[in-house]
Amino acid sequence: MDSWQSCMIRLPRVAQQVVCRWRVKAAELSLEPTLASPFNTLDLHFTTAHEGGLTTENFVESLSEHSRCKSSGLGNLSKNPMAFILSHLESRSEHPGFGELAIKLLIPAERGYVICSNILSQRMASCEHVQSIQEFLDPFEEITHECLSPADPERFQRLIHSASGGIVLQRSTTLSPIEVLGFIDSQLTIRMTIPWVLPSTPLRQVVVALGHHRVQSMETFYAAAQSLGIRLLLVDSNDDKGHSHCRDGIITVDMTLDNGLQSRIVEALQSQPEIISGIVAYRDQLLVTAARVAEKLGLPTSPPSAVAVCVNKFAMRLREMRNCSQLLYARDLHHLKEQVNSHPKALEFPLVVKPCEGQGSVGVSKVTNMEQLFDAVTGIENYGNKSGVIVENYIDGPEIDANFAILDGEILFFEVVDNFPCTADEKGNRKTDSFLERDMVYPSGLGEKEILVIRDAMQRLLVDNLGFRTGVFHVEARVCASNMQYTVEDGITDLRQNHHSRLASPSLFILEVNARCPGVAGVYPTAYTYGVDFAALWLLSATGDSRRLRALSHSFLNGPQLWCDLVPITVTRGGTLDSDDIIDELRQRRPDLTEHVSNTTCFYRRGDIVPEPSVTNLTGIIAEFVCFSRKSRGDLLCIVNQIRQEVRIRWK
């Protein structure tokens, strides 16, 4: 049935009634319909007056007044479709300018269990004309299927009750509400053609996370765990109440990084009443421990030996020497000088110096002479790093991040992100220069040939060389002999055709391999661009839940739906900040720019002391956000450029 029905609905709380036009449509699922979960949509178009020719076929006294939220207001919506609709109707009707409201409900067309409780929000978050999304199902809640039949008031309300989620549409200045509803139908086809309804209930799982991270990161992973119905337990040295909202339980263990750490964690977990399903680690320094603990407990894990190679940059370099003609390892400065003196030929600069173990770009620097080389190693030693240092070639090709979801050696999902030139890539020689990320743009602007080179080379490295079979991986590399290079045109830096590229075929210089998902800031742009949540995939791979891992690795049908830039706002000095949330302040001055901004994180506020930035103290990022454009990559970069010019940072 695709014809419009109509009814009158009373809103007792505001003593009004509205006209509701509604229709049920079967979603058009194309391309591999056997893999997709079929669903219907219920379109609701509310107005305060009859339209010409509209007849009222049904009169609904109210939309199940008893199902209203106990707390009024949109901020306290229950997971109840009726309460969701009533709250929006009553909120809108209290405003004199209220004329109409359009809502689309998603109604599964088969029985089963939702794959995760935020599936609609996850897949539709970046969709145009969407004002808000509400999920109605909890993890493990069974989906009831409502058959379509001729309309009557009871059937109408049962259809509403059978919805799994609802979308409130934005008013458009160019499209009518009916046209917007049609646009959302096309987007649902693109975004929801995946197996999001499971025939049987998912397993109830418990994941243990070792250590802690920034609160913002832990919140993201905990939200993913909740949507999957996974209980998340934290193993840490103390019960920090600041983390209590980011986990379901705490297991206190002495987390001193010594030879007894693994056995202490194993003993603590074996004494727990809950059955553990998987182990993850919030910090790179605990990844090997997590793999060894999982192996000891018989849980799904990557080979600890492979993880150990990844966390040690020297061991990783020995596995992948392509395009690396110079390599030194030194325990300390004295050892480095011995290595240099005994080297068969003079070192060729520039070179890159980095600690063998470490997270992010801390301690990584480019040096152009021997004095800078020795100073860089001294800085790493003073920072407290005891893993030694490596010295290797500096490669000036485009830097990329590649993120993988792999199951039994098969790539389920793969993306390439352009990591724009950082200050260390620029000409000059400033002490504050570092390899701290500047812009990370999704999807990559590299050509298809180079994307395939990246995918195939990294799959061979991960699966054939290192021996990984299942998991999520974040790999950083530079592309040698690329057909693209970064240039500046009209003040905008971007990848453009390299007319001086050599005849050699493109190849990779691997910078590092991380046997984990990308940093949490990178989770959001991937979700917006492709509909894939790496935080969820990381947890599912840790538990061996291959069914949900495969299903949630499906990208949108037509590939990326927009362009995203993960933008850090950096400073080149330290001091006491006199600005509050700099993005909030920008939003008040330039809403035309910030309408393209989402997921903002402000790390420092007024009165906070920002340390002096250096290569061993990468605290120069005071805020970061995701910027997006639905028009083009060029439009995205222009918006980001304007935002950087408009941001105001004040110091005391």
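Which strand gives the most to the lining of the largest cavity? Strand S25 does, with three residues.

Some ground rules before the details. This is a predicted model, in which local features need pLDDT of at least 70 and side-chain atom pairs count only at pLDDT 80 or more, while totals for chains, interfaces and linings use all residues. Residues are numbered from 1 along each chain as its sequence is written, and side-chain values use heavy atoms, with hydrogens and water left out.

Helices (H or I, at least four residues) and strands (E, at least two) are DSSP runs, numbered from the N terminus. A cavity is a set of points, on a 1 Å grid over the protein atoms alone, where a 1.4 Å probe fits but cannot get out, and lining residues have an atom within 4 Å of a point. A volume is the space filled by probe spheres set on the points, which are joined across faces, edges and corners.

Now the cavities. The structure holds four of 30 Å³ or more. At least two lining residues come from each of strands S16 (351–355), S18 (389–393), S22 (471–480) and S25 (507–514). By class, this lining has seven nonpolar, three polar and eight charged residues. Here Ala, Val, Leu, Ile, Met, Phe, Trp, Tyr, Cys and Pro count as nonpolar, Asp, Glu, Lys and Arg as charged, and the others, Gly among them, as polar.

The second largest cavity holds about 50 Å³ of space.

Last, the helices. H6 (residues 261–270) and H7 (residues 287–296) pack at an angle of about 50 degrees, with their axes 10 Å apart. Angles under 35 degrees count as roughly parallel, over 145 as roughly antiparallel, 65 to 115 as roughly perpendicular and the rest as oblique, so H6 and H7 are oblique to each other. In contact terms (heavy atoms within 4.5 Å), Leu 261, Gln 262, Ile 265, Val 266 and Leu 269 of H6 meet Thr 289, Arg 292, Val 293 and Lys 296 of H7. That contact has five nonpolar, two polar and two charged residues.

Note on methods
Axes fitted to C-alpha atoms, helices over the stretch in contact; angles between N-to-C directions. 1 Å grid on protein atoms, 1.4 Å probe; cavity = no way out; pocket = protein on both sides within 12 Å on 5 of 7 lines; lining within 4 Å.
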